[in-house]
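Hi,

Here is the structure I promised to pass on to you. Please have a look at it first, and then read my notes below.

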Amino acid sequence: MLISLPMYGIQPQDIQPFGQLLLQQLHRYGVTTSDQQLAWPSDLLQHWHDPNLLLSQTCGFPLVTLLQQHVQLVGVFSYQSPYCTAEYYRSLVVVRADEKGETLADFRHRRVAYNSIDSQSGYNALRALITPLAINGRFFSHALASGSHYQSIEMIRQQQADIAAIDCISFALLQRANPSVVAGLKIIAQTEAAPGLPLITSLSTSPEQMTRIRQAINDTVNAPEAASAKDTLLIKAFSVLPWSAYDVIKQMQATAFTSGVTTL
């Protein structure tokens with residue numbers, strides 16, 4: 001069975017302590033064998049489609065556009081960030097601190113960096129935010145793919161781009177790990193909130209296995225010995241949300257498309 005936690009953490013070693021505690025609980029509940037290890041997939045979409053997927057974390061946008069017929073929703077973590085509300089998170093629209101502009105409207109015809117087109121936080125949420133400001137479907141002059149939130153920030157710092165939407169949890173993790181990287185930025189806007197990055201399992205996971213997986217995750221999050229490992233990833237709690245909670249992500253896309261805004 002495949003288990004991964006690929007979405008947060010500045011370095012892979014940040015994820016390992018929490019992952020190992022989770023693996024111990026999954027083994028305790030009889031879901032995995034004692035030698036189960038975390039997977040580190042290079043092709044996440046292929047990984048999420050794998051029928052042997054027992055547990056992983058994806059982004060809400062691919063969840064509702066590419067994965068809904070292929071996976072089951074396990075639950076969602078709540079994170080420690082002032083921009084999170086329970087299971088919901090948002091993106092922070094950032095620019096260089098020395099920019100004169102103070103609002104999103106001030107950055108018309110500027111260069112935007114985004115992590116990937118299948119990202120809720122870096123692409124879909126920002127596209128919805130610029131929709132009321134767009135003219136003939138456009139707001140920015142250029143949209144530049146960076147490959148990651150951290151690289152989007154670096155492109156702004158190096159003046160290769162002017163603005164980006166950064167997932168507030170990624171921002172908080174980077175702010176703690178390397179404060180100097182974000183010290184030269186300012187936040188000029190926030191996107192609409194959406195449910196956090198979902199934990200998923202394949203369609204082949206049985207209802208009994210699902211119950212045990214959820215119990216294992218819940219026990220891991222609430223275990224006193226997991227306090228440090230949770231703090232490293234800013235994990236606060238675990239809860240189960242219905243599929244309908246993620247409809248807001250599809251609505252963001254639909255609103256933008258209806259207004260003729262199909263890209264950044």
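On a 1 Å grid over the protein atoms alone, a cavity is a set of points where a 1.4 Å probe fits but cannot get out, while a pocket is an open set with protein on both sides within 12 Å along at least five of seven lines; lining residues have an atom within 4 Å of a point. Points are joined across faces, edges and corners, and a volume is the space filled by probe spheres set on them.

Before the details, please keep in mind that this is a predicted model: local features need pLDDT of at least 70, side-chain atom pairs count only at pLDDT 80 or more, and totals for chains, interfaces and linings use all residues. Residues are numbered from 1 along each chain as its sequence is written, and side-chain values use heavy atoms, with hydrogens and water left out.

**Cavities**

The largest cavity has a volume of about 70 Å³. Its lining consists of Leu5, Tyr8, Ile15, Gln57, Phe77, Tyr79, Leu233 and Ile235. By class that is seven nonpolar, one polar and no charged residues (Ala, Val, Leu, Ile, Met, Phe, Trp, Tyr, Cys and Pro count as nonpolar, Asp, Glu, Lys and Arg as charged, and the others, Gly among them, as polar).

The second largest cavity, at about 30 Å³, has Phe77, Tyr79, Cys84 and Glu87 among its lining residues. Strand β3 gives the largest share of that lining, three residues. (Helices, H or I of at least four residues, and strands, E of at least two, are DSSP runs numbered from the N terminus.)

**Phe77 and its surroundings**

Phe77 turns up again in the largest nonpolar core: of its 50 residues, Phe77 and Ile217 touch the most other members. Such a core is a set of buried Ala, Val, Leu, Ile, Met, Phe, Trp, Tyr and Cys residues joined through side-chain atoms within 4.5 Å. Apart from this core lies another, of 19 residues, including Leu63 and Tyr246.

The whole structure holds six aromatic pairs (rings of Phe, Tyr and Trp, the last by its six-membered ring, with centres within 6.5 Å; planes under 30 degrees apart are stacked, over 60 edge-to-face, the rest tilted). Phe77 and Tyr79 make an edge-to-face pair, 6.3 Å centre to centre with 85° between the planes. Phe77 also pairs edge-to-face with Phe238, at 6.2 Å and 65°. This second pair links distant parts of the chain, with Phe77 in β3 (residues 71–79) and Phe238 in β12 (residues 235–239), 161 residues apart. Phe77 has a relative accessible area of 2%, so Phe77 is buried (under 20%; exposed is over 50% and partly exposed in between, with a 1.4 Å probe and protein chains only). Tyr8, Phe18, Phe77, Tyr79 and Phe238 form one aromatic cluster.

**The largest pocket and helix α5**

The largest pocket has a volume of about 540 Å³. Of its 21 lining residues, Met7, Asn115, Gly147, Ser148 and His149 lie nearest the centre. The elements giving two or more residues to this lining are α2 (44–49) and α5.

Ser152 is found in α5 and is buried at 1%. Beyond four places in sequence, Ser152 is in contact (heavy atoms within 4.5 Å) with residues including Asn115 and Ser146. Gln158 lies in the loop between α5 (149–157) and β8 (163–167), and is partly exposed at 47% relative accessibility.

Best wishes
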